[in-house]
Amino acid sequence: MEAIKATFFQECEELLADLEAGLLALEGGDTDPETVNAVFRAVHSVKGGAGAFGLEQLVRFAHVFETTLDHLRARELEQTAHVLKVMLRAADLLADLVRAAQSQGHVDDARCQALADELVALSGDRPAESAPDAASGADDFLDDDFGFKPLQVAFAEPGADVGDDLAGDEPGLTDWVIKFRPLATLYLKANDPALVLRELERLGALEVGLEQADLPLLDDLDPEGAYLAWTLNLRTSASEADIREAFEFVDGDCDLEVVAVANPFADEPEETPAAFPASSDVELDVMALIQRAQAEVASSDGVEISEPAAVAAIAPASPAPAPAATPAVKAADPAVKAADPAAAAPVTTTIRVDLDRVDRLINLVGELVINQAMLSQRVIEAGLVRSSNVALGLDDLEQLTREIQDSVMAIRAQPVKSVFQRMPRLIREIAAATGKQVRLVTEGEGTEVDKTVIERLTDPITHMIRNAIDHGLEKPADRVAAGKPAEGVVKLSAFHRSGRIVIEITDDGAGIDRQRVRDKAVEKGLIAPEAVLTDEETDNLLFMPGFSTASAISDISGRGVGMDVVKRSVQGLGGRITIASRPGEGSTFTLSLPLTLAVLDGMVVTVDGHTLVAPLTAVIETLQPKAATVRSLGPSGMVVAVRDAFVPLIDIGATLGFRSTPIDPCSGVALLVENDVGGHAALLVDAIQGQRQVVIKSLESNYQQVDGIAAATILGDGRVALILDVDAIIANRRPETASGAAPAPAPEPTPPLLATAS
């Protein structure tokens with residue numbers, strides 16, 4: 001039972017995400033009825049599952065919410081901004097109730113009661129002025145038997161005339177015969193035929209006949225099967241389209257036939273369902289029928305009989321019902337269903353796997369990569385030629401290892417949508433707390449990244465969005481005075497670039513007040529009053545521990561921990577964060593993160609006897625510097641001309657402290673690399689060993705953070721090699737090259753510069 005309950009809560013997360021996405025679409029002006037239906041289905045499914053586990057508080061609120069949504073989809077409730085605002089708050093509360101039920105907690109009853117009353121007031125089922133006291137709505141929410149309205153349906157006895165009570169020739173009314181046979185998928189999607197009957201009952205006078213001829217013996221009954229069908233006689237002024245609309249929730253999950261007849265209640269044998277013999281003189285011998293069915297099942301060696309003759313034998317004195325029974329029984333025949341193109345369409349099948357199992361698989365694949373590298377190293381050390389059988393076998397092993405690694409990483413890859421979907425609620429809560437009008441725009445929700453990265457993205461993005469609203473966006477009056485719309489916009493986007501995932505949080509607010517940031521930093525003693533800082537350095541003060549420009553501490557900001565947490569979280573993921581801000585126009589915070597924390601393709605290089613790995617996604621090309629292409633820049637900087645453009649030349653050995661004196665550029669090899677913002681540099685190394693797939697091991701968790709080093713790995717010979725942080729190395733060299741003197745003139749013709757050289 002606990003495993004089933006855990007699955008229910010997992011499904012609730014998906015349903016709640018669909019619920020909020022649908023409500024946001026409606027709030028944005030979507031008028032598609034299917035969007036309303038999807039929202040209704042989500043709440044209905046949550047309520048149904050909660051009822052199975054006795055989660056009363058959740059069921060009661062979900063029922064009130066569902067009832068209001070029912071009015072909305074029936075167009076009895078107008079889709080206004082106020083209505084959707086209340087429903088978004090109801091979706092937030094429903095999510096809180098689900099999480100409270102999962103953690104065996106409890107949500108304040110007063111909060112549930114207040115919002116339930118608002119929903120009831122929207123639907124108009126119980127006007128506030130008619131309540132016996134001020135708390136009657138809340139009392140009904142807690143104490144009533146969920147407020148269900150019973151629907152009376154008549155299940156006719158065999159041989160009875162299902163239309164006696166409906167006979168008549170009222171003008172403007174049409175008689176319809178509806179044959180409704182649910183499929184097993186209808187029940188798997190948590191739909192309920194009773195809801196369909198309730199919809200039809202709203203259209204007119206309804207009589208219901210149950211067909212149970214296909215119901216097997218208890219021993220043969222499949223709990224997930226569908227054996228019942230209904231023949232419905234409806235007298236209504238509605239059109240066929242209106243009738244079929246009642247079945248829109250189960251479209252594709254049932255066999256449906258809607259036929260208009262002049263008088264469906266006349267004594268015409270061909271219109272009589274198979275389960276209802278036309279002649280009342282025929283007595284149904286139930287025991288004889290059971291014995292006959294058991295004998296046929298035994299004779300067929302367990303194969304289910306689908307021949308209509310067995311049903312026709314129920315009423316031998318009335319041969320007419322047999323043709324009517326044939327389609328009903330054949331509809332349940334798997335062979336017949338397989339011939340239906342819609343039924344034969346492929347269905348995507350998914351399974352739920354515990355994340356720990358996937359993590360263990362990732363670790364094993366990592367060990368496989370290391371062992372494959374060790375075998376390759378041993379072959380090289382043994383002096384075996386590349387054409388030997390052992391070497392060829394190892395090449396095949398390397399290819400298979402890569403395919404396994406790619407497949408496993410694809411299993412862990414998930415879209416960032418799961419993180420982005422949590423932000424609309426955060427936006428609403430902060431906007432309400434600050435008195436600002438905010439609209440969230442998202443892009444790139446389908447961008448995939450490793451599950452581990454996604455799990456650790458929520459906190460940084462949450463802090464930055466809070467910062468964007470509280471510090472970035474102005475008050476509505478201030479925005480209008482500045483010629484902007486009263487509603488501010490926060491844009492959250494994700495995309496892939498250079499083998500990394502980039503997430504941007506942009507606002508159209510006032511931008512960073514750099515003078516105020518500087519004054520605050522001086523006040524807190526973070527910088528000296530006479531310090532000269534660039535705009536970039538001033539912006540980076542926001543990430544210092546304890547720094548805040550808020551004038552007062554509140555629930556949102558003021559404690560100086562938000563952006564510091566962001567920076568440490570991003571660095572812990574092997575990423576970095578940058579800021580771009582323009583006064584009066586807004587700010588953009590950019591996170592650049594690795595796609596995976598497990599493996600990467602790298603170029604193995606040697607620097608002063610040490611083995612390092614440069615991420616292959618950052619390497620554009622390799623080159624051999626020549627004396628004519630190298631120029632000095634400042635006291636210790638150098639640049640190299642690459643295709644008539646200068647790029648910084650960085651000696652990795654000197655930068656990382658492996659040697660105190662830089663080597664002659666002409667004696668080494670340069671790796672032309674690109675960082676995540678499009679900047680170029682040439683990394684000078686002693687030699688290149690080759691290209692290899694390596695397993696990423698966290699250096700910070702096993703040792704400490706090292707500037708210029710992203711992580712570590714284990715080589716094929718068992719040694720530890722450091723993985724270069726290309727972006728950090730380039731960023732650390734910028735101040736030096738920017739403040740240095742200009743290099744000697746470049747060779748003719750004078751080239752455009754990637755790095756300013758004059």
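Guide: What follows covers the nonpolar cores and the salt bridges of this predicted model.

Visitor: Fine. How many residues has the largest nonpolar core?

Guide: The largest nonpolar core has 65 residues. Those with the most contacts inside it are Leu19, Leu23, Phe61, Phe65, Leu200, Leu232 and Phe247.

Visitor: Which helix gives the most to this core?

Guide: Helix α4, residues 81-102, with 14 residues.

Visitor: And where does this core lie relative to domain 1 and domain 2?

Guide: Between them, because domain 1 (2-134) and domain 2 (174-329) both give residues to this core.

Visitor: What is Phe65 in contact with, leaving aside its neighbours within four places in sequence?

Guide: Phe65 is in contact with Leu19, Leu23, Val43, Met87, Ala90, Ala91, Leu94 and Leu119.

Visitor: Switching to charges. How many salt bridges does the structure hold?

Guide: The structure holds 32 salt bridges. One of the pairs is Asp96 and Arg111, at 2.8 Å from N to O.

Visitor: What does that pair tie together?

Guide: Asp96 lies in helix α4 and Arg111 in helix α5 (residues 109-123), so the pair ties together parts that are 15 residues apart in sequence.

Visitor: Is Asp96 buried or exposed?

Guide: Asp96 is buried, at a relative accessible area of 17%. Arg111 is partly exposed, at 37%.

Visitor: What about Glu211, which residue does it form a salt bridge with?

Guide: Arg181, with the closest N and O atoms 3.8 Å apart. Glu211 is in strand β2 (residues 204-211) and Arg181 in strand β1 (residues 174-182), so this pair links distant parts of the chain, 30 residues apart.

Visitor: And are those two buried or exposed?

Guide: Glu211 counts as buried at 10% relative accessibility, and Arg181 is buried with a relative accessible area of 11%.

Visitor: Which residue does Lys491 meet in a salt bridge?

Guide: Glu443, at 3.3 Å from N to O. Lys491 sits in strand β8 (residues 487-497) and Glu443 in strand β6 (residues 437-443), 48 residues apart. Lys491 counts as partly exposed at 30% relative accessibility, and Glu443 counts as partly exposed at 39%.

Visitor: Last one. Which residues do salt bridges that share partners join into one network?

Guide: Glu20, Asp92, Asp96, Arg111, Arg425, Arg428 and Glu429.

Methods: Residues are numbered from 1 along each chain as its sequence is written. This is a predicted model: local features need pLDDT of at least 70, side-chain atom pairs count only at pLDDT 80 or more; totals for chains, interfaces and linings use all residues. Side-chain values use heavy atoms; hydrogens and water are left out. A nonpolar core is a set of buried Ala, Val, Leu, Ile, Met, Phe, Trp, Tyr and Cys residues joined through side-chain atoms within 4.5 Å. Buried means under 20% relative accessible area, exposed over 50%, partly exposed in between (1.4 Å probe, protein chains only). Helices (H or I, at least four residues) and strands (E, at least two) are DSSP runs, numbered from the N terminus. Domain bounds come from an automatic or database domain assignment. Contact means heavy atoms within 4.5 Å. A salt bridge is a side-chain nitrogen of Lys or Arg within 4 Å of a carboxyl oxygen of Asp or Glu.
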